[in-house]
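Thanks for coming. I will go through a few side-chain contacts and then one piece of the surface.

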Amino acid sequence: DKLRALPSVDITGINLQIDNLIAAVNELPLVYQQRVAKKEETAQAIVPKDETAWQKLLREIWQDAKQLVRIEDTGKAEIPLLPPNQEFFLRENLKLRLLSARLALLSRDEDGFRQELKTAQLWTARHFDGKSNEVMRVLAGLKKIAASPVSIELPDVSPSLQAVRNYRLTHEHAAERSLAKKTAR
């Protein structure tokens, strides 16, 4: 009854979620690859009706100059700029962390599982654009997986096993005694 009352660990479900996260890593936008919001693009389309050629030229130059420099508070002290070949290694190392978490899950190593997921969360939050839907979905998935139990402490069933052994021994001895009585007659 104690064993039946234990909660089950959904290893298959967690494994599937880790697979989905690994597949999503290649699509995550990096922090410094943030795109300008569409509101700014639509605001540029408004053109005054009575504009002279010089005003039009100056407006277009000003719009081009505004697109060259963009100042934005990302909320992070420093944004790591990575060359393209390092971006590849960042994504592959993040996938390796998730694969290590899967191995820890399959070996029921809860500490290793949690540590790998914690590192994956840290890397995702640091290197990828936290405002994008994909990154928010991956971070939510990592938090959900990290909250799920990996190993369950099994109850001590040795008293039950000892009771079964004692019961079996008493029945064996009783059977031997009845057999001895029948052969003695």
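Which residue forms a salt bridge with Arg 59? The partner is Glu 51, and the closest N and O atoms of the two are 2.8 Å apart. Please keep in mind that this is a predicted model.

How covered are these two residues? Arg 59 counts as buried, because its relative accessibility is 18% and the limit for buried is under 20%. Glu 51 has 23% relative accessibility, so Glu 51 counts as partly exposed.

I will show two others.

The next one joins Glu 116 to Arg 97, with 3.0 Å between the closest N and O atoms. This pair links distant parts of the chain: Glu 116 sits in helix H6, residues 110-127, while Arg 97 belongs to helix H5, residues 84-106, and the two are 19 residues apart. As for cover, Glu 116 is counted as buried because its relative accessibility is 17%. Arg 97, at 26%, is counted as partly exposed.

The other bridge is between Arg 114 and Glu 110, where the N to O distance is 2.6 Å. Here both residues lie in helix H6, 4 residues apart, which is about one turn of the helix. Arg 114 has 27% relative accessibility, so Arg 114 counts as partly exposed. Glu 110 is partly exposed too, with a relative accessible area of 24%.

Now to the aromatic rings. How many aromatic pairs are counted? The count comes to 1 aromatic pair. The rings are those of Phe 88 and Phe 89, with centres 5.4 Å apart. Their planes stand at 70 degrees, so the pair is edge-to-face; the cut-off for that label is over 60. Phe 88 is partly exposed, its relative accessible area being 48%. Phe 89 also counts as partly exposed, at 43% relative accessibility.

Last, the surface. Which residues make the nonpolar surface patch of about 480 Å²? The patch is made by Trp 54, Leu 57, Leu 58 and Ile 61. One of them, Trp 54, has its place in helix H4, which covers residues 53-68. Is Trp 54 buried or exposed? Trp 54 counts as exposed, because its relative accessibility is 67% and exposed means over 50%.

Conventions
Residues are numbered from 1 along each chain as its sequence is written. This is a predicted model: local features need pLDDT of at least 70, side-chain atom pairs count only at pLDDT 80 or more; totals for chains, interfaces and linings use all residues. Side-chain values use heavy atoms; hydrogens and water are left out. Patches are made of residues with over 30% relative accessible area and no salt bridge: like charges are joined within 9 Å, nonpolar side chains (Val, Leu, Ile, Met, Phe, Trp, Tyr) within 5 Å. Accessible areas come from the Shrake-Rupley method with a 1.4 Å probe; for residues, only the protein chains shown count as cover. A salt bridge is a side-chain nitrogen of Lys or Arg within 4 Å of a carboxyl oxygen of Asp or Glu. Buried means under 20% relative accessible area, exposed over 50%, partly exposed in between (1.4 Å probe, protein chains only). Rings of Phe, Tyr and Trp (its six-membered ring) pair if their centres lie within 6.5 Å; planes under 30 degrees apart count as stacked, over 60 as edge-to-face and the rest as tilted.
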